[in-house]
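Reader: I have a model to go through before I set anything up. Can you walk me through it?

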Amino acid sequence: MTLWHHGVVKILAFLSQKGSSGKTTLAVHTAVAAHEAGLRVVLIDTDPQQSASVWADAREAAEPIVATASAGDVARVVAAAEADGMDLVILDTAPHATPDAARLARQADLVAIPCRPTAFDLAAAQAGATIVKAAGAKGVFVLSACPFRAPEIAETQAALAAYGLPVAPMAITDRRAFARAIASGRAVTEFEDDGKAASEIRSLWTYLQEQMQ
Ligand SMILES: Nc1ncnc2c1ncn2[C@@H]1O[C@H](COP(=O)(O)OP(=O)(O)OP(=O)(O)O)[C@@H](O)[C@H]1O
Ligand SMILES: [Mg+2]
C-alpha cells in the first residue's frame with residue numbers, strides 16, 4: 001500500500017485521439033478501483049458524447065462522484081474537488097486533437113494513453129504522446145482491449161516503447177465483462193470481484209498510482 005497524501009488532489013487523465021481506444025472504459029474502472037482502495041474520487045466527463053455520464057446515470061452507487069465539465073471548466077471543478085477533500089480527479093476526454101487535449105494534459109499529474117493493438121491505434125498513440133510531451137506532462141501508454149494471447153500485444157508494446165513514454169507492463173484484455181459492466185453502470189470489480197477483468201484493473205490502478213507518486 002503506497003502512501004497517498006490526503007488534502008492534495010491528483011489528476012489522472014485518459015487521453016487519446018482515437019475513438020474507441022478504451023478511454024471511458026478505463027476511466028470508469030480506474031475510478032471505481034481507486035474508490036475501492038479508499039480514495040475519494042471525482043470522475044470528470046469532458047467528452048461531449050458524455051459516455052461516462054451515461055454510465056453514471058445507470059449507476060446506483062453514489063461514489064465515485066461523476067461530474068460533467070467542458071475542458072475550460074476542469075480547473076474550477078478540480079479546485080472545488082480539492083476544497084471538498086477529494087484525493088483523485090480522473091478525466092475522461094473526447095477523441096479529438098483539439099487544443100483541449102493539450103490543455104487537459106498540462107493540468108494532469110499523469111496522462112494515460114489507451115491503445116488497442118492495431119496499426120490505427122498505434123498512429124494515434126504516437127500523436128497522443130506528442131501532445132503529452134509538448135504539454136510537459138507525464139504520460140504512459142496502456143494496452144487496451146487486447147485479444148487473448150495475441151502476438152500483436154508484444155509487437156504493440158515494442159512499437160509504443162519507441163514513442164518515448166513508458167508502457168504499462170500489464171495489458172487490459174478484451175473481455176465481455178468490461179462492456180457488460182459499462183452497460184449496467186457498474187465496474188468489473190463490483191460484479192465479479194474475483195474475476196480476471198477485476199484483477200487486470202486493480203493491477204493497472206496500482207501501476208498508475210505508483211506513476212503519480
Ligand atoms: N477491455 C475491453 N474489453 C471489452 N470491450 C471493451 C474494452 N475496452 C473497451 N471496450 C468496448 O469498446 C468500445 C469503446 O470503448 P470506450 O468507449 O471505452 O472507448 P473510448 O476511447 O472512450 O471511445 P470514444 O473515443 O468514442 O469516447 C465500447 O463498446 C467498450 O465497451
Ligand atoms: Mg469515451
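Author: One term before the sheet: two strands pair if DSSP finds at least two bridges between them. Strand β2 (residues 41–45) and β4 meet that, pairing in the parallel sense over five bridges. Keep in mind that this is a predicted model.

Reader: Which residue in β4 is the bridge partner of V41?

Author: L88 in β4 is the bridge partner of V41.

Reader: Over how many bridges do β1 and β4 pair?

Author: Five, in the parallel sense, with β1 covering residues 10–14. Further along, the bridge partner of A13 in β4 is L91. A13 has a partner in β5 as well, namely V111. β1 and β5 pair in the parallel sense over three bridges.

Reader: What is the strand order of the whole sheet?

Author: The order is β3-β2-β4-β1-β5-β6, an open sheet of six strands with parallel pairing. β3 (65–68) and β6 (139–143) stand at the edges, and each has a single partner strand, so one side of each has no neighbour in the sheet. From one strand to the next the twist averages 25°.

Reader: How many bridges hold β3 to β2?

Author: β2 and β3 pair over four bridges, in the parallel sense. One pair there is V42 with I65 of β3.

Reader: Which helix packs on β5 and β6?

Author: Helix α5 (residues 119–134) packs on the sheet and touches β5 (110–115) and β6. The direction of α5 makes about 170° with that of β5.

Reader: Back to β4. Is it buried or exposed?

Author: Buried: a residue counts as such if 20 or more other C-beta atoms lie within 10 Å of its own. Five of the five residues of β4 (residues 88–92) are buried, so the strand is largely enclosed by the rest of the structure. L88, I90 and D92 point one way, V89 and L91 the other way, and all are buried.

Reader: And which residues of β1 lie on each side?

Author: K10, L12 and F14 are on one side, I11 and A13 on the other, and all are buried. β1 is therefore mostly covered, with five of its five residues buried.

Reader: Zooming out, how many helices and strands are there in the chain?

Author: The protein chain has nine helices and six strands. Its radius of gyration is 16 Å, close to the 17 Å that the globule rule gives for 213 residues, so the chain is as compact as a globular protein of that length.

Reader: What share of the residues counts as buried?

Author: 47% of the 213 residues. As for contacts between residues at least 6 apart in sequence, 77% join residues at least 24 apart.

Reader: There's a ligand. Which residues come nearest to ligand 1?

Author: K23, T24, T25, P95 and A179 come nearest, of the 20 residues around ligand 1. Two elements give two or more residues to that shell, α1 (23–36) and α7 (176–183).

Reader: By class, what does the shell have?

Author: Around ligand 1 there are six nonpolar, ten polar and four charged residues.

Reader: α7 also has R176. Is R176 buried or exposed?

Author: Exposed, with 8 other C-beta atoms within 10 Å. R176 and A197 are 21 residues apart in sequence, and their C-alpha atoms are 9.1 Å apart in space.

Reader: Now backbone geometry. Where is the cis peptide bond?

Author: It joins E63 and P64, with omega about 0°. P64 is in the loop between α2 (51–57) and β3.

Reader: Why flag that one?

Author: Most peptide bonds are trans, and most residues other than glycine have a negative phi. S20 has a positive phi of about 65° and is not a glycine. Q50, also not a glycine, has a positive phi of about 60°.

Reader: Where are S20 and Q50?

Author: S20 is in the loop between β1 and α1, and Q50 is in the loop between β2 and α2. S20 counts as partly exposed, having 15 C-beta neighbours inside 10 Å. Q50 is partly exposed too, with 16 other C-beta atoms within 10 Å.

Definitions and conventions: Residues numbered from 1 in each chain as written. Chains lettered and ligands numbered in written order. Predicted model: local features only at pLDDT ≥ 70, side-chain atom pairs only at ≥ 80, totals over all residues. Rg over C-alpha atoms; globule rule 2.2 N^0.38 Å. Buried ≥ 20, exposed ≤ 12 C-beta atoms within 10 Å, placed from the backbone. Contact = placed C-beta atoms within 7 Å. Near = placed C-beta within 6 Å. Nonpolar A, V, L, I, M, F, W, Y, C, P; charged D, E, K, R; others polar. Axes fitted to C-alpha atoms, helices over the stretch in contact; angles between N-to-C directions.
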